[in-house]
Structures are given as structure tokens and as C-alpha cells.
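Thanks for coming. Please have the model open while I talk. I'll keep this short.

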Amino acid sequence: MALISPKALRLRPFYLPSPSPLSLQSQPAPLLALSNPYASSISTTTTYFPKPTTLVSSRRHVVARAAVSEFSPSIGEILGDVGIFTAAGEPVKFNELWDQNEGIAVVALLRHFGCPCCWELASTLKESKARFDSAGVKLIAVGVGTPNKARILADRLPFPMDCLYADPDRKAYDVFGLYYGFGRTFFNPASAKVLSRFEALQKATQNYTIEATPDDRSSVLQQGGMFVFKGKQLLYARKDEGTGDHAPLDDIFDVCCKAPVS
């Protein structure tokens, strides 16, 4: 498979004509460089929807923020039992990552480790880590892929290994019912937001490599989300509508600072 050089990544976004009925007001839909390097091998005739789960409400709202009430009151317990991996490859459960009684944690579910938008969000989180630390907030960044893919991002971005985790089977993504599919990945209007952050994307991907992409090609269609917990209580929930549709960190800090005191 021919690869596009990192230099090409930094020149301009890539575009793919948006076929009917997915046309967005007759404009081409922006395709972020290599956010799905296997796009040519994935059928465009099938429409995918968020993977079903009995752990969250069956309602699907086309809105930026998922209401906390959409999730089961026991979502913290459910997530706590989910097993993922540290970037070093050690198995760990979510309930081991922060104080399950009073600790405040930001759980950032990134897209796959080979997505440039994943690198951009990871860069933004890294730059904000000192602010999280000073507020006593645990930052937990989880990406789709195996630990060795996580280490590629950690080494080349770079990103602190002690905050980075790998979820190769997308278990946590299933718990939250995060969006999934070709249309969500490439043709959702919310993805246009990334164009306003193109300089940040260029900076974050200076050392980008396609080798961080998961071997499981279906993983590249997974969207992410951002969640804030106090202990096991969910305080904030936001599902990314499309590629690059990240939660505003000012909103996250606002929630963390206003977390109820027991």
C-alpha cells in the first residue's frame, strides 16, 4: 500500500467528494490526513451506527453532549470492571486508576492511535496536564489499539506513559455506546471543526507515523468521547459526533472545579 509522506500531511487536508445521500450541502467532506488509512478497503455502501449495548440508554441523540441521565446510574461500577492495558502492556481495570470514593478523573477516550486527530487531542491533553494535576484531577487517556501502538504515540508525540492506556477491543467504548461507522468518521458535519485547528494538527503530527494505526482495520471507524467522574459518579459525558469533534477543555475544567464536595 502506498504511503503518504509526513511532509504531505503538513501541507493541506485531503478531500473526498461526498456521495449522495451523504452529501453535505454539495460540499466535499474533509478527510483528515490518514485518519483511516484503510478507507479504500472499507465498503462505502453500508451505514454503521453506534454499536448496541445494554449498559446505556437505547436513545440516540444527535447532539454534542450526551446527557448524564442517558447512562445507567451504575455506569461507574460497570466501567470499573472493564479491563484495558497500560501503554507498557500491563493489564489493569478502570477501578484501579483513581480513587473510587472521592477521586476526580477525566477519562478521555481517543480515537485509534494512528489517527492524526488522536495525536492532536493527546497533545492538547498533555499541555493541560499540569492544570489537571494542580486541581487534583487524574487524567486518563485511552486509545484504540494495542499497547505497542500506544507506545508509538507516547514516544513520538511525546505523551506521558503513566496517563496513557490501550483498549484494543474497544470495551470502554462499548460501555458508553460511542459512535461508530464510516459516515461518522468521514461525513459528519461536526468534523469540519478541525479545520479551525489545522495549525495545532500540523504541530501535533510533526512526528506522526502511520505505523500507530491498529492492525484491526475496523477499529479506525470508532469515535471517542470525554467523561468526568467523581468516584463512581458520572458528572459529565460527551460523545464525539465525528472525527475531530473534541470536547472543549474549558468545559471539562469547569466541571472538575465545580465537582460537589462530600
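First, the ground rules. This is a predicted model, where local features need pLDDT of at least 70 and side-chain atom pairs count only at pLDDT 80 or more, while totals for chains, interfaces and linings use all residues. Residues are numbered from 1 along each chain as its sequence is written, and side-chain values use heavy atoms, with hydrogens and water left out.

Start at Leu109. It is found in strand β5, residues 104-112. Helices (H or I, at least four residues) and strands (E, at least two) are DSSP runs, numbered from the N terminus. Is Leu109 buried or exposed? Buried, with a relative accessible area of 1%. Buried means under 20% relative accessible area, exposed over 50%, partly exposed in between, with a 1.4 Å probe and protein chains only. Contact means heavy atoms within 4.5 Å. Leaving aside neighbours within four places in sequence, Leu109 is in contact with residues including Val142, Phe176, Gly224 and Phe227. Tyr165 is 56 residues from Leu109 in sequence, yet their C-alpha atoms are 9.5 Å apart.

Now the cores. A nonpolar core is a set of buried Ala, Val, Leu, Ile, Met, Phe, Trp, Tyr and Cys residues joined through side-chain atoms within 4.5 Å. The largest has 42 residues, and Leu125, Met226 and Ile252 have the most contacts inside it. Elements giving two or more residues to this core include β5, α3 (116-134), β8 (225-230) and α8 (249-257). The largest share, 7 residues, comes from α3. Take Ile252. Not counting residues up to four places away in sequence, Ile252 touches Val106, Phe132, Met226, Val228, Tyr236 and Ala247.

Next, aromatics. Rings of Phe, Tyr and Trp (its six-membered ring) pair if their centres lie within 6.5 Å; planes under 30 degrees apart count as stacked, over 60 as edge-to-face and the rest as tilted. The count is 9 aromatic pairs. Trp98 and Phe229 form a tilted one, 5.5 Å centre to centre with 35° between the planes. Trp98 lies in the loop between β4 (91-93) and β5 and Phe229 in strand β8, so this pair ties together parts 131 residues apart in sequence. Trp98 is buried at 9% relative accessibility, and Phe229 is buried at 0%. Trp119 and Tyr208 have ring centres 5.3 Å apart and planes at 65°, so that pair is edge-to-face. Trp119 is in helix α3 and Tyr208 in the loop between α7 (198-204) and β8, 89 residues apart. One aromatic cluster is formed by Phe71, Trp98, Phe176, Phe227 and Phe229.

Charges over a ring. The rule is NZ of Lys or CZ of Arg within 6 Å of the ring centre and within 35 degrees of the ring normal. Which charged ends sit over Tyr179? Arg184 does, 3.7 Å from the ring centre. Lys239 does, 5.5 Å from the centre.

Last, cavities. On a 1 Å grid over the protein atoms alone, a cavity is a set of points where a 1.4 Å probe fits but cannot get out, and lining residues have an atom within 4 Å of a point. The structure holds 2 cavities of 30 Å³ or more.

Methods
On a 1 Å grid over the protein atoms alone, a cavity is a set of points where a 1.4 Å probe fits but cannot get out, and a pocket is an open set with protein on both sides within 12 Å along at least five of seven lines; lining residues have an atom within 4 Å of a point. Grid points are joined across faces, edges and corners, and a volume is the space filled by probe spheres set on the points.
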